[in-house]
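I opened the model today to look up its overall build and a few of its strands. My entries follow in the order I made them.

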Amino acid sequence: MTRRSHAVRRFCTLVAAVSVAATGCVTVHGESAVIPSVDRTEAAEVLERFTEATNEANTELDAKLTVPVESGPLAAIDQAGIKARAARNPDGNPGFKPLELTDPKFLIPRTSGWPKWFVADADSNRGGGHWLVVFTRPSPDQAWRASYLSVVSERRMPEPVLDDEGYAEAVPASGSDLLVPPGRLGREYADYLQKGPQAGGSPFADGPATSQLRERRGAQQRTRGKVTQYADQPAGKGDFAPVALRTEDGGALVFFATHHQVKETVGKGYPLNVPPAVRPLVTGNPKTALLQVRVAEQLVTVPSKAAAKKDPDEKVSFLHRVEGLVSARGE
């Protein structure tokens, strides 16, 4: 046990009525010590368990195998995807290439109370640069589970702030010194997708996840014999809560999630196309309409208010975005 760990244990003993766990201590009255969310040895074990379970689930195509190691948006997307593939491949996928996450570095913030979280930054045999996996633990009696997974190229990966002991700095949901607080990103993004830039401009930089996505939607809204409608909502509570790390430029690296619905309705005499990958997740009888329910997880950089005021081109920039189908209903 490190000198800091001894100090934390002495503190907990003095204030009494505490719960001591591998991730820290919290009194039953709500007082808490600001300590690292997890030690690096345990973080490495958590990452290894996640990788092993992911490989087993994708080989056997059994979504239940991911339940002990995944939560939040990652679980919603991953488990639905495995379920859909299993319906088309009932014997599993024995040719699945096992995922390998190597040379991990752990971005561990000092936090108080619960939930706890940390980020694993690893190399992968899939390539792509930095594989960033967010692990969260809601309470002392619950396990660590991966809630977000993003891939970022080396050239786009920002430098996180680290203290003298190598611990990262968490940014609270309120994030009042940022252009958009982490806790508001889901709402701001959903509003942007629904309404576009408002008076005063958009806080989001143009790109595939913003201006180009709106352009694609516009082109798809009305085609011959079909109308497509979109609805977007934030997803910011519980296992879907955003997490943010301070970066050296004064901004933040933020993981956040959103909900999306896409409804396609065809006119009389026009066929309704239900893609093979969607069919296993469909309930109801899709004759004239198909409603797809999707979850997206995003990784963005958010500049500080000061930087954005100095340079109007400093905006929220998307580093990675994954949107996955989680259910569908036919009408």
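I took helices (H or I, at least four residues) and strands (E, at least two) as DSSP runs, numbered from the N terminus. On that basis I find 6 helices and 15 strands in the protein. The radius of gyration, taken over C-alpha atoms, is 22 Å, close to the 20 Å that the globule rule gives for 331 residues, so the protein is as compact as a globular protein of that length. The globule rule is 2.2 Å times the number of residues to the power 0.38.

This is a predicted model: local features need pLDDT of at least 70, side-chain atom pairs count only at pLDDT 80 or more, and totals for chains, interfaces and linings use all residues. Residues are numbered from 1 along each chain as its sequence is written, and side-chain values use heavy atoms, with hydrogens and water left out.

Overall extent and cover. I read a span of about 75 × 55 × 40 Å for the C-alpha trace along its principal axes. Of the 331 residues, 45% count as buried, meaning under 20% relative accessible area (1.4 Å probe, protein chains only). I next checked contacts, meaning heavy atoms within 4.5 Å. Among those between residues at least 6 apart in sequence, 65% join residues at least 24 apart.

Strand β14. I looked at residues 289–302, where 12 of the 14 residues are buried, so β14 is largely enclosed by the rest of the structure. I counted two strands as paired if DSSP finds at least two bridges between them. Strand β12 (residues 252–266) runs antiparallel to β14, with 14 bridges joining the two. Leu253 has Thr301 in β14 as its bridge partner. Strand β15 (residues 317–330) also pairs with β14 in the antiparallel sense, over 12 bridges. There I find Val293 opposite Ser327 of β15.

Strand β6. I turned to residues 116–124, where 8 of the 9 residues are buried, and the strand is mostly covered. Strand β4 (residues 101–107) pairs with β6 in the antiparallel sense over 5 bridges, and Lys105 stands opposite Asp121 in β6. Strand β7 (residues 130–137) is antiparallel to β6 over 7 bridges, with Ala120 opposite Val133 in β7. β6 and β7 form a hairpin with 5 residues between them, and Gly127 in the turn has a positive phi of about 75°.

Ser211. I placed this residue in helix α5 (residues 211–220). Its relative accessibility is 16%, so Ser211 counts as buried. Leaving aside neighbours within four places in sequence, I find Ser211 in contact with Tyr192 and Asp206.

Definitions and conventions:
Buried < 20%, exposed > 50% of the residue type's maximum accessible area, 1.4 Å probe, protein only.
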